[in-house]
Structure formats: structure tokens, C-alpha cells
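I opened the model today and kept short notes on what I looked up. The entries follow in the order I made them.

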Amino acid sequence: MDALRLRPSLLSAARPGAARPRDHFLPPCCSIQRNGEGRICFSSQRTQGPTLYHHQKFFDWKSSYCRISHQSLNTSVNASGQQLQSEPEAHDSTTIWRAISSSLDAFYRFSRPHTVIGTALSIVSVSLLAVQSLSDISPLFLTGLLQAVVAALFMNIYIVGLNQLFDIEIDKVNKPTLPLASGEYTPATGVAIVSVFAAMSFGLGWAVGSQPLFWALFISFVLGTAYSINLPYLRWKRFAVVAALCILAVRAVIVQLAFFLHIQTFVFRRPAVFSRPLIFATGFMTFFSVVIALFKDIPDIEGDRIFGIRSFSVRLGQKKVFWICVGLLEMAYSVALLMGATSSSLWSKTVTIAGHSILAGILWSCARSVDLTSKAAITSFYMFIWKLFYAEYLLIPLVR
């Protein structure tokens, strides 16, 4: 502060006990004080008068200007000199992304992905039964396979979506996370989705021109509709035996025979031949389809009982139906072992026997550890059965 020259009168005013003059050359907003170390410092004090007002205005303007300039600089330029996104734009991008992610998640749950995976794997598996040599795996085969899988998946989404439309109140008890039951989808949205997917399925089947493929889609449509829709003489899911027969017809018969014939007769232009592996696949999946039809109702016994769905689980009890399902699957694996033992191909015999022995052992071990009083444990085991279903379709093309 060497440049600042103070008058003696001012310095004497700063001494303790000295009278302080009211008129001096410093602005009223400043005063000279002696701090604890004996140094002279300035402090801002609010006094009255026009001089204070103008100085205060100046400091307020300077502070505001600095803040605005600093904020503008931070939001417009980053460390590398690139322009940054403004806060509203970043917020809008995050909101859009969250909306898209939420929509995809809702559709994922609406499509019942475990059934979608099962449908795709089953069609690929039985289509490979028509392959007689590596030369058959050609662009022609892959195109025909893709047409069948896509058309079937569209129909699969129609069937599971229609079932949810007529089970909204039941699903609020049994499956409250499904989009229609939770309110994420309105019934009008559900109707629009199933209508569009049914139309796309039939449109693709008609465009391909394969009679086995089109009849597979049509029969699946009729049985899926009769299973769920609440009309007189329909809604066959209310009757345990009829419901099981619907699932068996689609999963065990239509999928195996129709899609095999689609590849065999339409794609390869060969005569229809029901080979030994095809007969085994149809028989094995008959057992498996019955198990799926029975087991899917075990976790849902509470809602089914409230709304009058007379499933086997409601009539016989969860524990009895659970062990019936396990017994049926073990019988199916026994038949598969017999099939493998009678195979003329050594590699097929080895894979079939080893694979089904392992699956049968895992099934029995897991079944014994299930807590039948826990809905979560039963549901988890039901999804495990679907994994066994997938594994079987990986083994079926190796059965020769």
C-alpha cells in the first residue's frame, strides 16, 4: 500500500479513543481499522448517502458480470476448445434415452422372451433334421429357415400377447410385472400390438408361399386364440385337459412336423419322409409339452383359484403336480437313453446317452432342493425347465 498516502488527520482518527472526523476523502463505504496484528486494513461498511449507493451498484454490477461471463465460458467451451452441450439439451437426450429403454423393456416382458427363445430354437433344431449333408446348408436353406423363424416369432408374440389381454386381472395377482397388468400398456396398446404381429405373420407366410409354413401359422393362430379369448365355448385354458392339449398340439406336433416339412418339401423339394429322429423329436416333445402345460400353472395357483381357472394345480395341489411333472420328464429322458442305445452311429449313441444322462441327473438334483412353499422358488424351477427344453433342442439334431 505504498502508493496510498494518508493525511495525518486521518491516521490520528484511526487511533483508539480519537475523535473520528465525519468528513474525509475516503468513500463512506470504507474505513480504516487496526486488526489484531496491528496492520491497517479496509472493511466494507454499509452507510447512508449517495456515495455508498453508487459504489454498491458498481460492486454488484462487477460481481454479476464476472459470474455471467464465467458461467458462459464454462457452458460453451471445454478444456479442448470444443463446444459443450447445454444443460437443457443434455437433459432432453437423457429423457429420450430413458423413454426408449423403458419402451424396449416393456415390449421385452410383453413378448415373454422364454417362449420366443423356445420357438426359435425348436424351429432351427427340427429344420436341421432335414439336412442330409453339409452341402444342404446353403443360402437357400438359410433363407427358408429365416422365413420360418421370423413368421413363427410374430405368431408367438400374437399368442402370448392375446393371453395377457384376457388375463389382466389374473396377472395383477400372478404376474404383476407384465406391462398390461402393471398399467405400462393400455388394453388399446395391447390390441394394436397383437393385431400388427398377427398380420405380419400371416403376410410373411403368404408371401413365402410354403403350404406347411402357412398351415403351421394358421393352426397356431386358431389354437392360441381359442385358448385365451373369452367367448362362448372358447377360453379353453379354463379346462385343464383341453389347455394341455392346445399346448401339446403346437409345441409337440405342429412345430416338429410342419417346420420339418417346410424345409424338406418346400426348400429342398424332397418327398416327405418321417425319419427316425423326427419321430423321436415329436415323441419326446410330447412329454415335454405336457410338463410345460402342467407346470406353468403351479406358481399361478392363487390367481387361478380366485378367478375360477380349474387347472391341475388347483384341483390336485402344487406338490402332487410338481412331482408328476418331474416324473414325466425323467420318463422322457429314459426313452431318449433307449433311443441312443439303439442308434447305429457310434458318435450319435455316445452324445445321446451322455447328454440325456447328465440332464436327467441335473433335473433330479434340482427338483429335490426346491422349496414348494415358496412361489419364487417354484417360478425359478419353471424357468429351469425351459432351460432343459432349450438343451433338448440342442441334442435333437445329433440323434441319428
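**Notes on salt bridges, helices and the core**

I began with Asp297, which counts as buried at 15% relative accessibility. I use "buried" for under 20% relative accessible area, "exposed" for over 50% and "partly exposed" for values in between, with a 1.4 Å probe and protein chains only. The side chain of Asp297 meets that of Lys296 in a salt bridge, 3.0 Å from N to O. A salt bridge here is a side-chain nitrogen of Lys or Arg within 4 Å of a carboxyl oxygen of Asp or Glu.

I wrote down the ground rules before going on. The model is predicted, local features need pLDDT of at least 70, side-chain atom pairs count only at pLDDT 80 or more, and totals for chains, interfaces and linings use all residues. Residues are numbered from 1 along each chain as its sequence is written, and side-chain values use heavy atoms, with hydrogens and water left out.

**Entry: other salt bridges**

How many salt bridges does the structure hold? I found eight listed.

I looked up Asp105 and Arg109, whose side chains form a salt bridge at 2.9 Å, N to O. Both residues lie in helix α3 (residues 87-110), four residues apart, which is about one turn of the helix. Helices are DSSP runs of H or I with at least four residues, strands are runs of E with at least two, and both are numbered from the N terminus. Asp105 is partly exposed at 39% relative accessible area, whereas Arg109 is buried at 19%. I also noted that Glu184 is linked with Asp105 and Arg109 in a network of salt bridges.

Next I checked Asp167, which forms a salt bridge with Arg235, the closest N and O atoms being 2.6 Å apart. Asp167 lies in the loop between α5 (139-165) and α6 (168-174), and Arg235 in the loop between α9 (211-228) and α10 (240-267), so the pair ties together parts that are 68 residues apart in sequence. Both Asp167 and Arg235 are buried.

**Entry: positive phi**

I stayed with Arg235, which is buried with a relative accessible area of 7%. Its phi is positive, about 55 degrees, although Arg235 is not a glycine.

Arg269 also has a positive phi, near 55 degrees, and is a residue other than glycine. Arg269 lies in the loop between α10 and α11 (276-295). Is Arg269 buried or exposed? Arg269 counts as exposed, at 62% relative accessibility.

**Entry: a surface patch**

I went back to helix α3 for Ile100, which is found there. Ile100 is partly exposed, with a relative accessible area of 41%. Together with Ile96, Trp97 and Leu104, Ile100 makes a nonpolar surface patch of about 460 Å². Patches are made of residues with over 30% relative accessible area and no salt bridge; like charges are joined within 9 Å, and nonpolar side chains (Val, Leu, Ile, Met, Phe, Trp, Tyr) within 5 Å. The areas come from the Shrake-Rupley method with a 1.4 Å probe, and for residues only the protein chains shown count as cover.

**Entry: the nonpolar core**

Which residues have the most contacts inside the largest nonpolar core? They are Phe259, Phe288, Phe295 and Phe381, in a core of 83 residues. Helix α5 gives the most to this core, with 13 residues. The core draws at least three residues from each of domain 1 (108-273) and domain 2 (275-399). A nonpolar core is a set of buried Ala, Val, Leu, Ile, Met, Phe, Trp, Tyr and Cys residues joined through side-chain atoms within 4.5 Å. The domain bounds come from an automatic or database domain assignment.

**Entry: the record and the helices**

I looked up the unreviewed UniProt entry, which lists several spans as "transmembrane region", including residues 140-166 and 321-340. Positions from UniProt are given in the numbering used here, feature names are shortened, and annotations may be inferred rather than shown by experiment. In the model, residues 140-166 are 96% helix and 0% strand, with the end C-alpha atoms 40 Å apart. Residues 321-340 are 100% helix and 0% strand, and their end C-alpha atoms lie 29 Å apart.

Met339 counts as buried, at 12% relative accessibility. The C-alpha atoms of Met339 and Arg276 are separated by 9.6 Å, and the two residues are 63 residues apart along the chain.
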